[in-house]
Amino acid sequence: MRRLAASTLLILGLAASLPASAQDEASVEDQLDALDRRITRLEDLNDIERLQRTYGYFVDKGQWTHLANLFAENATLEIGGKGIFIGKDRVLEYMQTAFGPDGAPKGIIANHMQFQPVVNVSPDGKTGWLRGRAFVMSSAGWGLPLYEDEFMKEDGVWKIARLSGPFTMYTNWEGWGKNALNNTWPDKFDPPPDLPPSTVYLTYPAYYIAPFHYPNPVTGEVFRPSPGQAGAYHHPPGTPEQESALNIGRLADGTQPIATPPEN
């Protein structure tokens, strides 16, 4: 109630501070509605970022049941090149089968640190997207996934609709400079996915640019990753190694406008 009262006073104060000409152009009711939409949008942005960060903390300590409950019923999960799992029940099965039962195992460390979030919400406030980076330090090694996730609002609550985390780099404890590892093979452990990987790509020393869910926020221009195949960059264009890499995978188009999901 205190928060609501404070928000109401803020709205009224902002409305009263508008010049008379502005008040003549729009009624106080319209101004209040516009400010309410702005406040709701800011809250949505915060809620989406909080949801994404909560996912990371649940990963840290193996809280798979809590993690699965962050997902919508028909959500999809795709981590690395493993493939796509459909539905929150399959998300839970994947986590518990691949990484063990709920809880942090003794002698195991897994820290899933997240950075650089860019969040957008659709004009109707029902769908959101987040692009962010994670640095994973675990007993198995080091990893750098990059997220392009989609969220949906159900009964006023934000949930994960699509979690997509292609890896940029994966390595053991000797380090990426000496021993970068491929982490994109789909059959590396059980359970099998419901669908094959959406994109086949290579990790460092090659690189894959995941399509952005938004254009350049200053110019409005859409950033178009190379239309060639993923993995084409670990040798210069025209070399036999680069030509061979063209058979590895293909990039998505990535020409979507702001606040709409990536194509394909």
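In which sense do β1 and strand β2 (residues 85-86) pair, and over how many bridges? The two strands pair in the antiparallel sense over 2 bridges, where pairing requires that DSSP finds at least two bridges between two strands. The model is predicted, with local features needing pLDDT of at least 70 and side-chain atom pairs counting only at pLDDT 80 or more, whereas totals for chains, interfaces and linings use all residues. Residues are numbered from 1 along each chain as its sequence is written, and side-chain values use heavy atoms, with hydrogens and water left out.

The secondary structure of the chain comprises 7 helices and 7 strands, these elements being DSSP runs numbered from the N terminus (helices: H or I, at least four residues; strands: E, at least two). Along the sequence, the elements follow the pattern α-α-α-α-β-β-α-β-β-β-β-β-α-α. Of the 264 residues, 39% count as buried; buried denotes under 20% relative accessible area, exposed over 50%, and partly exposed the range in between (1.4 Å probe, protein chains only).

An antiparallel pairing over 4 bridges joins strand β5 (residues 141-154) to β7, and P145 stands opposite F167 in β7. Strand β7 (residues 167-171) is largely enclosed by the rest of the structure, because 4 of its 5 residues are buried.

Positive phi values occur at two residues other than glycine, Q116 and D155. In general, most residues other than glycine have a negative phi. Q116, found in strand β3, has a phi near 55 degrees and is exposed at 56% relative accessibility. D155, with a phi near 50 degrees, is found in the loop between β5 and β6 (157-165) and is exposed at 82% relative accessibility. Q114, in strand β3 (residues 110-121), is buried with a relative accessible area of 13%. The C-alpha atoms of Q114 and Y57 are 9.6 Å apart in space, while the two residues are 57 apart in sequence.

The whole structure contains 9 salt bridges, each defined by a side-chain nitrogen of Lys or Arg within 4 Å of a carboxyl oxygen of Asp or Glu. One of these links K153 and D44, whose closest N and O atoms are 2.8 Å apart. Since K153 lies in strand β5 and D44 in helix α3, the pair ties together parts that are 109 residues apart in sequence. K153 is partly exposed at 27% relative accessibility, whereas D44 is buried at 4%. Within helix α3, D47 and R50 are 3 residues apart and thus separated by about one helical turn; their side chains meet in a salt bridge with an N to O distance of 2.7 Å. A further salt bridge joins E154 and K159, with the closest N and O atoms 2.8 Å apart. Both E154 and K159 are partly exposed, at 25% relative accessibility. R90, E93 and D194 are linked in a network of salt bridges.
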